[in-house]
Amino acid sequence: MCGIVGYIGDQQVYPILIKGLKRLEYRGYDSAGIAIFDQEIALHKCKGKVADLEAHAKNGSVSGTIGIGHTRWATHGLPNDVNAHPHFSDSKSIVMIHNGIIENYSALRKMLEKRGYAFRSETDSEVLLNLIEDVQKKEKVELDQAVRIALHEVVGAYAIVLFSKENPDRLIAAKKGSPLVIGVGEGEYFLASDATPIVEYTRNVVYLEDEEIAVIDRAQGLNIINIKNQKITPYLQEVELQLEELEKGGYEHFMLKEIYEQPRSIADSMRGRISVDGTTVALGGIKDYEQKLINARRIIMVACGTSWHAGLVGEYLFEDLARIPVEVEYASEFRYRNPVIYEDDVVIAISQSGETADTLAAIEMAKSKGATIIGICNVVGSSIARATHAGSYTHAGPEIGVASTKAFTAQVTVLTLMALSIGHKKGTLPTQRYQQLIRDLEQIPSKIEKVLKQNDKIKQLSDKFFQATNFLYLGRGYSFPVALEGALKLKEISYIHAEGYPAAEMKHGPIALIDEQMPVVVIAPKASFYEKVVSNIQEIKARKGIVIGVVSEGDKTVSEIADHIIEVPHTDEVLMPLISSVPLQLLSYHIALLRDCNVDQPRNLAKSVTVE
Ligand code: F6R
């Protein structure tokens with residue numbers, strides 16, 4: 001949700017800001033803007049993407065060595081030029097970018113209007129900026145103190161970066177609930193929503209914590225205070241991110257690259273967690289909390305979107321292998337529902353970005369009620385990773401395509417490893433089956449390679465269906481979450497309405513939708529309930545629906561009744577979601593391309609949902 005960048009140092013700031021915004025564009029692409037100081041503040045902003053901003057900015061002066069930039073995912077106010085960031089304060093002496101939501105903006109705006117402030121935009125961000133200006137005037141303090149005092153008045157989430165024309169040698173930044181990373185170079189500093197715009201300049205970073213304010217001055221360097229005005233010692237860390245991981249590497253889209261990366265990303269999720277002799281699983285990050293999991297009264301998975309679907313696979317895994325009752329919760333509902341939480345509940349929070357606002361709030365709520373929180377995150381050092389008691393990173397590498405692909409399979413891999421380890425230690429998973437499943441898991445990357453070889457076939461299939469207006473995805477057991485995920489992938493990037501359903505539930509409603517126009521993707525590998533799924537397919541065919549079956553290699557039965565099939569290598573049903581989700585990713589990718597959709601940046605979406 002919005003990407004922000006900032007720079008102060010000796011280099012020309014314009015290319016640094018533009019490059020940084022391009023790296024962060026996955027966070028929002030409704031509008032973009034920059035403000036750079038050179039004698040005065042030059043502001044360029046417009047509706048559209050960073051490329052539009054580049055065209056726009058060429059008309060003005062863009063030299064300078066201090067500046068800020070923003071790429072927006074609209075919350076308050078339409079995505080237009082005026083609402084684009086950066087914003088000027090009323091007197092035009094301060095300029096600011098903001099990621100987050102100021103919940104009490106309306107009351108603050110009324111108060112400021114009464115005090116004579118005029119607003120140019122509809123944004124909550126401009127309200128916060130004028131509040132800061134008002135405090136500075138009233139209290140006659142330096143800008144950093146005005147920021148600190150103003151933030152006491154604010155309810156909501158923010159990551160802000162600002163500077164004033166009175167002191168253009170100083171950047172000020174603050175955060176609460178939205179991420180902000182400071183890159184520390186030789187006499188230069190970078191600010192960004194995540195480390196991706198920073199790594200090509202420096203690997204040394206400081207993750208600003210909630211309610212901290214960073215003051216970065218050309219002469220005095222970096223100083224951090226908190227909202228109570230206490231001095232904080234910056235904690236310098238090294239990021240491991242490789243630059244190549246942030247490039248498309250010859251693929252047409254990040255999404256396609258990330259789909260193809262899955263054999264490697266799944267192997268990376270397993271790396272170091274399976275013993276060399278392949279007989280045991282150990283997850284170092286949760287070692288001290290394993291007993292908690294073994295004794296858990298209940299596991300509650302909290303997540304959103306695709307990560308929620310991974311949590312659903314986790315439910316099947318933990319109930320099946322470790323015999324622990326599991327509930328899977330949408331973080332956005334869970335956080336406000338006043339749920340019953342016991343001290344011996346373990347919450348597993350799943351998030352690719354580690355920044356999803358609802359998941360973060362659900363964690364805080366469950367923590368306050370005494371539950372143990374384990375995180376499964378992809379982004380190292382992210383807010384969720386830091387808010388949990390313990391956790392396991394997925395190690396999938398940066399996921400830049402807005403539609404999640406390799407993060408999903410990496411999350412499922414980590415959940416599988418956890419369920420295997422806990423189930424075996426708890427005694428609910430016999431050693432022989434435990435070790436067989438480990439061996440099978442190690443085979444998954446090469447089996448996905450085989451699925452990827454069917455790309456051309458899936459592309460041809462897409463050709464037949466890209467004009468469909470509706471799709472149904474059905475599965476039972478472990479294939480049910482895969483059906484949900486397949487439907488989500490299709491709707492989010494191709495804008496075709498798609499629903500995922502448990503195959504047997506179909507006759508309680510959705511069957512009414514089936515006619516000769518309706519493609520129905522049925523995930524029907526050889527697994528428990530296979531015959532029952534075959535009956536469901538017969539029910540669809542009896543109503544003239546078009547069936548695309550995702551089946552185990554060599555399948556005869558479904559192949560005879562389905563209109564089209566995609567064969568996937570066989571594996572234990574426990575591990576099948578790792579394989580069967582991949583052809584569905586490719587199907588939605590090709591359909592979206594044929595519909596001329598922007599695959600990596602689908603409309604209305606953003607990669608990291610840092611607002612609730
Ligand atoms: C769908 C997708 C979203 C995310 C969701 C949660 O392809 O990417 O549904 O899964 O916004 O995001 P994270 O996992 O970052 O918490």
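Start at the ligand and select Q352: a polar backbone atom of Q352 sits 2.7 Å from an oxygen atom of the ligand. This is a polar contact, meaning a pair of N or O atoms within 3.5 Å; within protein, one must be able to donate a hydrogen and the other to accept it, and residues adjacent in sequence count only if both atoms are side-chain atoms.

Before moving on, a word on the model: it is predicted, so local features need pLDDT of at least 70 and side-chain atom pairs count only at pLDDT 80 or more, while totals for chains, interfaces and linings use all residues. Residues are numbered from 1 along each chain as its sequence is written, and side-chain values use heavy atoms, with hydrogens and water left out.

S307 places a polar side-chain atom 2.5 Å from an oxygen atom of the ligand, and a side-chain N or O atom of K489 is 3.0 Å from an oxygen atom of the ligand. Around the ligand there are 14 residues, of which S307, S351, S353, T356 and E492 come nearest; a residue counts as near if one of its heavy atoms lies within 4 Å.

Now follow S307 into helix α9, where S307 is among the residues that meet α13. Select α9 (residues 305-322) and α13 (residues 406-426): their axes come within 9 Å and cross at roughly 20°. Helices here are DSSP runs (H or I, at least four residues), strands are E runs of at least two, and both are numbered from the N terminus. Axes are lines fitted to C-alpha atoms, for helices over the stretch in contact, with angles from 0 to 180 degrees between N-to-C directions. The two helices are therefore roughly parallel (angles under 35 degrees). Their contact (heavy atoms within 4.5 Å) includes H309, L317 and F318 of α9 and F408, M418 and K426 of α13.

For a second pair, show α14 (residues 431-452) and α19 (residues 576-594), whose axes come within 9 Å and cross at roughly 25°. That makes α14 roughly parallel to α19. To see where they touch, select L441, I444, K447, I448, V451 and L452 in α14 with L578, I579, V582, P583 and L586 in α19.

Finish with two backbone stops. In the loop between β4 (66-72) and β5 (87-88), find P86; a cis peptide bond joins H85 to P86, with omega about -5°. Then go to F529, in the loop between β23 (519-524) and α17 (530-542): F529 is not a glycine, yet its phi is positive, about 65°.

Technical notes. Parallel < 35°, antiparallel > 145°, perpendicular 65-115°, else oblique.
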